[in-house]
Amino acid sequence: MTAVNAPGSRPEKPTSLRQQLTLAALLTTLLAILLSAGALLTYEFILYRNAGVAEMRAQADLMVHSTAPAVERQDSKGAWEGLYLLKRQPRIRAAAVYGADGTLMAFHTTKPDELPTRIALDAPTWGPRFSGSTLEMTQTIERDGQRLGALYLKAEHGVWDRFADFALIVLAVSAVSLAAAFYLFVHLQRRITAPLQKMTDVARDVIVSHNWSLRAPATDYKDVGVLVDAFNRMLSECETRTSELEREMVTRQGVEHELRQADRHKDEFLATLAHELRNPLSPMTSAVTLLQMPAATPQAREKAMAVLERQLKHMVRLINDLLDTSRVATGKLSLNLETLDIGDLLNAVSLGAQDLATQHGLQLTLHASDETLCVNGDTVRLTQVFSNLLTNACRYTLQGGRVDVRLWGEEAWVVVEVADTGIGVEPGMQERIFDLFEQADKTLQRGNAGLGVGLTLSRQIIQLHEGTLAMNSAGLNLGSTFTVRLPRASVEILVPEERAAPLGRSASRPLSVLVADDNVDLAESFADILMAHGHRVTVVHDGLSAVEQARQFRPGIALLDIGMPKLDGYQVARQLKADPLTQGICLVAITGWGLDTDREAARQAGFDHHMLKPVAPEELIRVLDAVHTDFEASRPGELPLA
């Protein structure tokens, strides 16, 4: 935790590394000197003390031998003469000889009151013992094991004076040692800490200036040199990382800009999608209202039906374009390649776009090639591409303009050119126009201009055919030209496709059909169409009822939705195929799930056919006819009839 100074107190001045090292070294040296001095003084004290005790015992033994004859004779004068020798010992403060009865016989002292008055014959001896600055003891006077008396000695031991003198010597030596250590360490640590101080200065400069190219100078000290090298490498890595972060920030800013652009495109797309869906809904609502009016004439009803059909096809095309774009982006769009005459395909597409051109007051002309030009392509997808190009040309060309479709062949390519005299495209927009949800005209006056996915999808489909789609425009109001180049295929004898018969009575015999869909309107409309063609139809709206009705009536064909309550379409199919009574029913999946994985899941569940919503009435009738024909060819007589 960081210490916080009290209000009004002076802030502590930070100490440098050099000061801290010096202080730590001095404290360590001082502690070592004190410990050494303490140990030495203690040793000297104990040694001198023991020497004093030994000296006093020697004195006592000498006095006992010199006074023993006098004590034995009870000769006080002889005892005094024995003590006389102690006068030459200035440290002896008191000495006394006691007889066998414990009385004082002779003594030597400067202070008589310090002597014991008597020492009993049976009194134990003691000492030497220390008392302040003196050392005193008693010792028995004996001869041949017989106690004759006692000797008392008291002397100045001088231990404290000796200790004080020795302490002064130690203190002086310690002071000199500490001063020498301070001088040597300061000199040494200056050489050691100088590189560290320079590292600190470099670090401070880097923090202030953010200049990661600064480096600390090298040093001759090996260990400190390792630290300096590590510090410089760290600065190098920081410099590299900072450069990378700066580049990442620049990249991130670019990504953020792209994300903002994508978000803006998303908002524009959602607004456009709402606009494009509301546009057909409005005339469809009016047409439904017109059909519900009892006073509506047959001509008005026919016109309302045409409006509904046209606007519904427009909505289906919008949704299919979105789904196809998603499939291409995820790599799930597959092509059914075959050799086809591109001239026949363009002729059919041009005929389909003629009504739109007439409606806009335009002249649409197909300039066909004299030779047969074939490509290896998907008829449906290429029709989708050229229909989109012609629709855009008609939509963005003002009344009285022209739309020309030209077809010619090159050695390895088939080239299709769609040119118009319309509003044109700015040069800066000519490549972006192929981006998803991008539109050249974003004004409110553009009208029903689509979602901005058609050209993106068209280029992706052409690229899947290993071709190219490009556009060119001289500028605004100068028209546009879209050029499609496809790899040329060798001419083969093409069998013309059979034209679908107009919707009317079914060509097959009446069948027993089960329709299961939780969308009540859809199920009922399917039933009405099928019954109008003579088929017998049973309608249910959940999976469990579908299984029960199939087992009860055993229809020839079951049209099953996938997403139903109680049991989904997959579960219904598995149960019907597992039951011997219902396993012969032809199962047709009618669903909005159209990916390849969805088709495979339907096949594994037991479905015989897979149809993608919305299903046109004529397509539904043709599928039933084809199913009836296939069953009659493979298993004659097994398909239950109505």
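Predicted model: local features only at pLDDT ≥ 70, side-chain atom pairs only at ≥ 80, totals over all residues.
Visitor: What makes Asp-341 a cap of helix 6?

Guide: A side-chain oxygen of Asp-341 lies 2.9 Å from the backbone nitrogen of Gly-343, at the N-terminal end of the helix. A polar contact is a pair of N or O atoms within 3.5 Å, so this pair counts as one.

Visitor: Where is the kink in helix 6 centred?

Guide: The kink is centred on Ala-353 and amounts to about 35°. That angle is the one between axes fitted to the seven residues ending there and the seven starting there. Ala-353 is also among the buried residues of helix 6, which include Leu-345 and Val-349.

Visitor: Which residue follows helix 6 with a positive phi?

Guide: Gly-361, with a phi near 70°. Just after helix 10, Arg-554 likewise has a positive phi, of about 50°.

Visitor: Which residues of helix 10 are called buried, and why?

Guide: In helix 10, residues 543-553, they are Gly-543, Ala-546, Val-547 and Ala-550. They are called buried because each has under 20% relative accessible area.

Visitor: Why are the buried residues said to line one face of helix 10?

Guide: Seen down the helix axis, they fall within an arc of 100°, so they line one face. Among the elements covering them are strand 13 and helix 11.

Conventions:
Residues numbered from 1 in each chain as written. Heavy atoms only, no water. Buried < 20%, exposed > 50% of the residue type's maximum accessible area, 1.4 Å probe, protein only. Helix = DSSP H or I, 4+ residues; strand = E, 2+ residues; numbered from the N terminus. Arc of directions from axis to C-beta. Contact = heavy atoms within 4.5 Å. Polar contact = N/O pair within 3.5 Å; in protein donor to acceptor, adjacent residues only side chain to side chain.
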